[in-house]
Amino acid sequence: MSSAATILHADLDAFYAAVEVRDRPELRGLPVAVGGGVVLSATYEARRFGVSAPIGGAEARRRCPDLVVVPPRFESYVAASRQVMDILDSFTPKVEPISIDEAFLDVAGSVHLFGPPEAIARRIRERVMAEVGLPISIGVATTKHLAKIASRVAKPDGLVVVPAGEEDVFLAPLPVDMVWGIGPVGEERLARYGIHTIGELRALPESTVAAWFGRHWGTHLWRRANNDDRRAVESPGRAGSVGAQSAGDATAVDRRHTTLLALADRVGSRMRRKAVAGRRVTVRVRLDDMTSLSRARVLPGPIAETTPLFMTAVELVDGLITERAAARRITLVGISMSMLEETPHLQLVLPLTGDESETVAGSRRHLRARDLDAAIDRARERFGRPAVVRGSLLRDTLEERSPTEAMEE
DNA sequence: TCTGGGGTCCTAGGACCC
DNA sequence: TCTGGGGTCCTAGGACCC
């Protein structure tokens, strides 16, 4: 009954770190980590010392005193990722990228052109190394989930094929956390029942797993353990949300509001670049004990302008803090927009709240907000991001930037 | 192992409608 | 008028992924 193994999962090894080593050959063979305050990626030499994402930089150096730490260069990673995705596209139109460094392929329709899936996987690996200079591991199997597990087993710089019919033998001895969706909490819960391998998980009645993890999710996990998750490889639709967050002390009101304005600005300009607008604003606050709280509001109409987004976010965050965390330290704030809709080029003036939009002054304010956003976006396109900074952000920008802020895009 | 930023998906409960 | 079932939308929180 099992169909042929034509699904590939291709996953670049230690991606950011590998790009750095490629561009600086003197780093080859050394323990290298990319990051600053936090390790984002580490070479296998560094991983032998227990250095892997996401541990703190100080902890990383403690574990590996000879560690070479390099700051990230995201433009190079994006460029390398595009090159690799282009190579994948040349073997089949059915490519589903799932992050900057990995993708699924369905090569069922390509075998008459390029040979069996295993041969295709081998050619992909050769080309990525020859043309991009990076090692890429590939898993080949009958389903996406199994192909993903196979590529993990193949790492580093390897190829693992799980032929049709041999799925059960392959899966049985692997630890449960290899299953997509089982993390530290799920692993711990299963361990309490004496379940450590996928084979043991599979031997349980489906109803038992459903009782432990909830009907929907439990059934899902049980199916995956049984290699019964046959979703097709699909080109991705557009993202369902756009968000930004910033770690750092935001307990003081003015500090918090400045951060929120910067975040609203970032989220707004990204939405406008993608030509989408969102109806739900969600804010998140993290407290000093690592717990987090969130508040969301659905607006009467979609927005993509910085100003109404900022005002809504301030209201939600300040309300949340007075209600739940008046005496706590705030270590992170975030804004996310969801319920996204595509926007035509010339969008209407969209109301923030009923009462404000009814006034002429309210409409003018929105018009001005939109014109200001457009002007800022245009100037940034022409002169680059740092050229245009909102007045209330200027004080912050002139201050020394924190290493984590300097790290991002 | 307490640490970044960007996401997805699921659960549970409440409000509200018929 | 306190009593059923079903559906939808929304909010808040949590686990997980890269």
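DNA strand B is surrounded by 22 residues, of which Pro 54, Ser 241, Gly 243, Gln 245 and Arg 270 are the closest; a residue is near a molecule or strand if one of its heavy atoms lies within 4 Å of it. The model is predicted, so that local features need pLDDT of at least 70 and side-chain atom pairs count only at pLDDT 80 or more, whereas totals for chains, interfaces and linings use all residues. Residues are numbered from 1 along each chain as its sequence is written, chains are lettered from A and ligands numbered from 1 in the order in which they are written, and side-chain values use heavy atoms, with hydrogens and water left out.

Sugar or phosphate provides 75% of the atoms of DNA strand B within 4 Å of the protein, and bases provide the rest. Polar contacts are pairs of N or O atoms within 3.5 Å; within protein, one atom must be able to donate a hydrogen and the other to accept it, and residues adjacent in sequence count only if both atoms are side-chain atoms. A polar backbone atom of Pro 54 is 2.3 Å from a base oxygen of DNA strand B. Two or more residues of the surface near DNA strand B come from each of H12, strand E9 (241–247) and H13. Helices (H or I, at least four residues) and strands (E, at least two) are DSSP runs, numbered from the N terminus. The largest contribution to this surface is that of E9, with 7 residues. By class, the surface near DNA strand B holds 10 nonpolar, 7 polar and 5 charged residues. Ala, Val, Leu, Ile, Met, Phe, Trp, Tyr, Cys and Pro count as nonpolar, Asp, Glu, Lys and Arg as charged, and the others, Gly among them, as polar.

Around DNA strand C there are 23 residues, and Ser 99, Lys 148, Arg 295, Ala 296 and Arg 324 come nearest. Of the atoms of DNA strand C that come within 4 Å of the protein, 97% belong to sugar and phosphate. Phosphate oxygens of DNA strand C lie 3.4 Å from a polar backbone atom of Ile 182, 2.9 Å from a backbone N or O atom of Gly 183 and 2.7 Å from a polar side-chain atom of Arg 324. At least two residues of the surface near this strand are supplied by each of helix H9 (184–192), strand E10 (276–287) and strand E11 (292–303). E11 gives the most, with 7 residues. The surface near DNA strand C comprises 9 nonpolar, 6 polar and 8 charged residues.

Chain A contains 18 helices and 12 strands. Of its 409 residues, 44% count as buried, where buried means under 20% relative accessible area, exposed over 50% and partly exposed in between (1.4 Å probe, protein chains only). Among contacts (heavy atoms within 4.5 Å) between residues at least 6 apart in sequence, 63% join residues at least 24 apart.

Helix H12 spans residues 215–225 and includes His 220, which is partly exposed, with a relative accessible area of 26%. The buried residues of H12 are Gly 218, Thr 219, Leu 221, Trp 222, Arg 224 and Ala 225. These buried residues pack against helix H7 (144–154), helix H8 (167–171), helix H10 (198–203) and helix H11 (206–213). After H12 comes Asn 227, which has a positive phi near 55°. His 220 and Ala 252 are 32 residues apart along the chain, and their C-alpha atoms are separated by 44 Å.

Arg 256 belongs to helix H13 (residues 253–274) and is buried, with a relative accessible area of 6%. Leaving out residues up to four places away in sequence, Arg 256 touches Ala 250, Thr 251, Val 317, Asp 318 and Ile 321.

Helix H1 (residues 15–23) packs with helix H4 (residues 74–89) at an angle of about 100°, and their axes are 10 Å apart. H1 is therefore roughly perpendicular to H4. Axes are lines fitted to C-alpha atoms, for helices over the stretch in contact, and angles run from 0 to 180 degrees between N-to-C directions; angles under 35 degrees count as roughly parallel, over 145 as roughly antiparallel, 65 to 115 as roughly perpendicular and the rest as oblique. Phe 15, Tyr 16, Val 19, Glu 20 and Arg 22 of H1 meet Phe 74, Ser 76, Tyr 77, Ala 80 and Ser 81 of H4. This contact has 6 nonpolar, 2 polar and 2 charged residues.
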